[in-house]
Amino acid sequence: MARQKGLMKYVGTIGDIRHFKIKGQQGFFAGMVGGPTAEQVKTAPEFERTRENMNEFGGCARAGKSVRTALSALMSKMADSQVTGRLTSVMKKINLEDGTEARGYRKVEISTQRNYLLGFEFDKKLSLSGVFNAPYDVTHTTGRDSADFTVAPFNPADLISAPSGATHFRLINALAVVADFVYNATTGTYEPDDIANNELSVIEYSSYIPLNTAFTGSTLTATFPTAPTLGTNVTVIQCIGIEFFQEVNGNYYAFNSGNCLRIEDAF
């Protein structure tokens, strides 16, 4: 694949050369026009492996979308532009671990491969540990319907890397349920194994905490309001994060930068 370096910037096809942009990357790219038709990919025997890969990729994309949907209230200010692809990639790793179904129909069995989710940063350029270094702990109930984010006393000026101009911050404790995804031969698509609880979520915020004053510590508890019964085919993802504000005359204005969110636990 060629990469255009000249002054002319355009997309589309000229002769046998197709010019295009790639989301998340700088510059313009070029490649030869051609390849198999859509009908060939759908029906030709030589593309059987391709169809299997496409089928499983679709299931992984749906599983990743469930995470983003459950946490949609946080995505616009916490996630980077490539979070969709990165979550799908994690789900694909989980998908490859399934040894019970035939290739092309393997499950996205998150409940048995939760370790792949741990430490996932919703903004790959901004790690939570690079912004928030205060001592903390996370715990959850045996029923998995509630979880705590406990922060010990600390001095924000020493252990928080805040963006310039910020005066306050809030801590975030979020829970999201994502089910295992299995292939449904009747519908021809991957579907959540627990439709009722999939994408269930709750997000709790701390109060506005000043950056220039020692913090006395607190426990932020997130609890599902409906007390759901969660089976072994679902996973509860606990995310913790921090967001920044500037206080002006009693009003708090959110920052678009410096905020970050991470999957801290999955149970």
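**Buried cysteines and salt bridges in the predicted model**

Cys239 counts as buried because its relative accessibility is 0%, where buried means under 20% relative accessible area, exposed over 50% and partly exposed in between (1.4 Å probe, protein chains only). Cys260 likewise counts as buried, at 0% relative accessibility. With a disulfide taken as a pair of cysteine sulfur atoms within 2.5 Å, the count comes to 0 disulfides.

The model is predicted, so that local features need pLDDT of at least 70 and side-chain atom pairs count only at pLDDT 80 or more, whereas totals for chains, interfaces and linings use all residues. Residues are numbered from 1 along each chain as its sequence is written, and side-chain values use heavy atoms, with hydrogens and water left out.

A search of the whole structure finds 8 salt bridges, each defined as a side-chain nitrogen of Lys or Arg within 4 Å of a carboxyl oxygen of Asp or Glu. One of them joins the side chains of Glu56 and Arg106, with an N to O distance of 2.8 Å; this pair links distant parts of the chain, Glu56 lying in helix H2 (residues 48-70) and Arg106 in the loop between helix H4 (83-96) and helix H5 (128-131), 50 residues apart.

Glu121 forms a salt bridge with Arg262, the closest N and O atoms being 3.5 Å apart; Glu121 is in the loop between H4 and H5 and Arg262 in strand E15 (residues 260-266), 141 residues apart, helices (H or I, at least four residues) and strands (E, at least two) being DSSP runs numbered from the N terminus. Arg262 also forms a salt bridge with Glu264, with the closest N and O atoms 3.1 Å apart. Arg262 is buried, with a relative accessible area of 12%, whereas Glu264 is partly exposed, at 21%.
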